[in-house]
Amino acid sequence: MKLIIYLIYLYLTVYTVYYASLAFMSLKHKKRKREEDVKKYNNICAVVYSHNNKETVEYLIKQLKNQTYPQNHYTIQLVLDNCSDNSEVMFEGDLGVNVMNVKNVDTIGKDQAFSIITEKYSTIKDLDAYVFLDANYFVNSDFLEKVNDSLQTNDVITGATTLICNEKLSLLENIKYSYNQYKNNFLSKTRDMLGFSNLINSDILAMKKEIVDKIGSVNFKSTNDELKYTLALANIDVKTSFSPDVKIYIDISK
């Protein structure tokens, strides 16, 4: 019994020190923010990849079109990758979104789709950054504002995946939720605080255009490829930063 109590005390001590450190770092960050005279509004291209995600992609595009971020500072690029669910019908005549509809070929995949888009936009001079999103997710109305805030001090940003839960969770869902919270609130934050590069998450990734142009085409085929891309960025002294304020949401069952 005493051993259990000691372990609980140790657990609470570690987390107290950890969150105190986070609070201290947060205060320093806010002080730096106040010292900034002007916040730059980056021109952002939000690139959404969809492969038969009709249920969610329409809602995500609506959320992106109704951001609090100034509309003249962002565009929306949707990639429909060989969809068989008639997703393209929802966006016919929609002037608020640019659609690249890949048809009559094999599924090209997220990494090739993103590479095609970055190559397409490579000559645009007034574009500052990309945000890559998977169509399975949802975002808040201030999503692009949070991205832009993080881009003030970082070149590459990955964000927090937040699980949307039912009132009653199964054992497996509890494990998923607990691990996701641990990853967001401890692993990723701690790595960022210690100056380590976080592993890229291609479901939510913001990058300045100059970095994309410098390193070349993206490669997000698998977790291993994401790790290789993270290391490639590190080789040119670019750290992938984690921003807990940049959040995407997904149903825990997915």
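Predicted model: local features only at pLDDT ≥ 70, side-chain atom pairs only at ≥ 80, totals over all residues.
Visitor: Why is Asp-237 called exposed?
Guide: Its relative accessible area is 76%. Exposed means over 50%, buried means under 20%, and partly exposed lies in between (1.4 Å probe, protein chains only). So Asp-237 counts as exposed. The residue sits in the loop between α7 (223-235) and β7.

Visitor: What makes Asn-104 exposed?
Guide: Asn-104 has a relative accessible area of 77%, so it is exposed. Asn-104 belongs to the loop between β3 and α3 (110-120). Its phi is positive too, near 60 degrees.

Visitor: How do you know that Lys-65 and Asp-94 form a salt bridge?
Guide: The rule asks for a side-chain nitrogen of Lys or Arg within 4 Å of a carboxyl oxygen of Asp or Glu. Here the N to O distance is 2.9 Å. The pair therefore meets the definition. Lys-65 is in helix α2 (residues 54-65), and Asp-94 is in the loop between β2 and β3, 29 residues apart. Lys-65 is partly exposed at 30%, and so is Asp-94 at 21%.

Visitor: Why is the pair of Lys-103 and Glu-88 called a salt bridge?
Guide: The closest N and O atoms are 3.9 Å apart. The limit is within 4 Å, so the pair counts. Lys-103 is partly exposed at 32%. Glu-88 has 18%, so it is buried.

Visitor: What separates Lys-209 and Asp-213 in helix α6?
Guide: They are 4 residues apart in helix α6 (residues 209-215), which means about one helical turn. Lys-209 is buried at 7%, whereas Asp-213 is partly exposed at 40%. By the salt-bridge rule the count comes to 8.

Visitor: What makes β3 and β7 edge strands?
Guide: The open sheet has 7 strands in the order β3-β2-β1-β4-β6-β5-β7, with mixed pairing. β3 (98-102) and β7 (240-251) each have a single partner strand, so one side of each is left without a neighbour in the sheet. Strands are DSSP runs (E, at least two residues), helices are runs of H or I with at least four, and both are numbered from the N terminus.

Visitor: How do you know that β1 and β2 pair?
Guide: Two strands pair if DSSP finds at least two bridges between them. Strand β1 (residues 44-50) and strand β2 (residues 74-81) have 7 bridges, in the parallel sense. So they pair. Val-47 stands opposite Gln-77 in β2.

Visitor: Why does Leu-187 count as partly exposed?
Guide: Its relative accessibility is 33%, so Leu-187 falls in the partly exposed class. Leu-187 lies in helix α5 (residues 171-193).

Visitor: How much of the protein chain counts as buried?
Guide: Of its 254 residues, 42% count as buried.

Technical notes. Residues numbered from 1 in each chain as written. Heavy atoms only, no water.
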